[in-house]
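Have the sequence and the 3D view open while you read.

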Amino acid sequence: MLTLKVITENTDEVVRKLARKGFDAKEVIGKIIELDKIRKSTQAELDANLAETNAISKSVGALMKEGKKAEAEEAKSKVASIKEKSKELDAKMSDAIEKINSLLYTIPNMPYDDVPDGKTAEDNVVVKMGNEIPQLGEDALPHWEIAKKYNLIDFELGVKISGAGFPVYIGKGARLQRALINFFLDEARNAGYTEIMPPTVVNQASGFGTGQLPDKEGQMYHCEVDDLYLIPTAEVPVTNIYRDVILDEKDLPIKNCAYTQCFRREAGSYGKDVRGLNRLHEFSKIEIVRIDTPEHSKESHKEMLAHVESLVKKLELPYRILHLCGGDMSFTAATCYDFEVYSAAQKRWLEVSSVSNFDTYQANRLKCRYKGADKKTQLCHTLNGSAMALPRIVAALLENNQTEKGVRVPKVLVPYMGCEYID
RNA sequence: GGAGAGAUGUCAGAGUGGUCGAAUGAGCCGGUCUUGAAAACCGGUGUACUCGUAAGGGUACCGGGGGUUCGAAUCCCUCUCUCUCCGCCA
């Protein structure tokens, strides 16, 4: 969430920037400022009351020691009325703070100035394209047909044992999963990321820390008995490592990567979007996460983009990079680039990665701070990106590389697959 | 699942009703000493809110929440978590 400080001190700027995200902040910020004034004055009054209570309590102790019982009793009686007032003030202040926070949660992050204007996905800007789109014949098969032809993925079997959106990978289909996971992790490690293997279920505090809760409660699987959530992305456990942590500036940037299974309820999705591997309830993803200083985070973001680009390049997949416009960006991002690969039989672009900088928005929720050489404690910047999500990569690989001999394995994956063709 | 023990600052660890934001030790930072280093010695070393130009004040925080009391790290209730033993088990 945005900090109270930035909202109260730069109100006009905040309103202007949020407008680019299609969010009218004027009213809610007005309310927040009002509530904050109440909070401040209430706190001043409460603090004074408590100070008086403390002073009297101290004097009672002293009087008792001196044996001045009557005076001690008198002091005691004085406290009663002050205490009652304190209780009242305390309630008033908690109420104000609670209201302020619940309003703060409704405000999205401010987009950076270089984020393109726009309202919908139509307005996203293609900043780069790479690798040739293959020309397939009329008889080209979509990936779900290929998966069936070579017995790589059994969607019906998944329905039997779990439900729709939980495919079963078989034989070379399963091996391809493992090959991609290893490839992505090796690439990340070579780029200086520390490999993390986190839990795939998290508690409420973690879901809250990265912003999945309370807003997107319905998107996560919830184990009610234990009140734990299945993670929708490794971002949740890996970023929460740094919840309530004060880092040392010399340890920044922190660069972590993690492979996990990801679980998404995807309530409300339907049609061609959920066909085959296009949208699943469970899938494998390698995530890269960075924690950085405000001064260096833009540079970090660039490095992450270059890393993800190198992956699609090596996999020989036609790709394009989109700079998301203000209106299409996620609630929490300050700037975000999407990577899409072309799935030649479906004839459509599939999103395989988004790489975001959250500025201090997430760190403020997480209370993730660092201490610099100047001994000052301030909020970190957090960034993350997929590097990458498997299913759509697999979809594009199967479709784009289909030949009469089988599906050609990209050179870079051959050592991981142990074969040149999937047949 | 059963029984017991515990949760204190960066860490270890004291504190069982008043001057405790918290002993002591370690670590870390600064200094003295030293050719340099080590040792020794001296000083400093939490977070948040708030008042103040500043110096410096005030308030809160000893796992979370509530209660008793003039006053709670300390007493009571409750929740959570951790550890040990037993059982079960990949």
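This is a predicted model: local features need pLDDT of at least 70, side-chain atom pairs count only at pLDDT 80 or more; totals for chains, interfaces and linings use all residues.

Residues are numbered from 1 along each chain as its sequence is written, chains are lettered from A and ligands numbered from 1 in the order in which they are written, and side-chain values use heavy atoms, with hydrogens and water left out.

**Aromatic rings**

- The structure holds 6 aromatic pairs (rings of Phe, Tyr and Trp, the last by its six-membered ring, pair if their centres lie within 6.5 Å; planes under 30 degrees apart count as stacked, over 60 as edge-to-face and the rest as tilted).
- One of them joins Tyr105 and Phe208, edge-to-face, at 5.4 Å centre to centre with 90° between the planes.
- Tyr105 sits in the loop between helix 4 and strand 1 (125–130) and Phe208 in helix 8 (residues 204–209), so this pair ties together parts 103 residues apart in sequence (helices, H or I with at least four residues, and strands, E with at least two, are DSSP runs numbered from the N terminus).
- Phe183 and Tyr416 are also edge-to-face, because their ring centres are 6.0 Å apart and their planes are at 75°.
- Phe183 lies in helix 7 (residues 172–190) and Tyr416 in helix 13 (residues 414–417), so that pair links parts 233 residues apart in sequence.
- Is Phe183 buried or exposed? Phe183 is buried, with a relative accessible area of 1%, while Tyr416 is partly exposed at 28% (buried means under 20%, exposed over 50%, partly exposed in between, using a 1.4 Å probe and protein chains only).

**Charges over rings**

- The charged end of Arg365 sits over the ring of Phe208, 4.7 Å from its centre (this needs NZ of Lys or CZ of Arg within 6 Å of the ring centre and within 35 degrees of the ring normal).
- Lys298 does this with Tyr112, its charged end being 4.3 Å from the ring centre.

**Around the RNA**

- RNA strand B is surrounded by 18 residues, the closest being Arg39, Gln43, Ser57, Lys65 and Lys371 (near means a heavy atom within 4 Å).
- Helix 3 gives the largest share of this surface, 11 residues.
- A polar side-chain atom of Arg39 is 2.8 Å from a sugar or linking oxygen of RNA strand B.
- Ser57 uses a polar backbone atom, 2.6 Å from a base nitrogen of RNA strand B.

Definitions and conventions:
A polar contact is a pair of N or O atoms within 3.5 Å; within protein, one must be able to donate a hydrogen and the other to accept it, and residues adjacent in sequence count only if both atoms are side-chain atoms.
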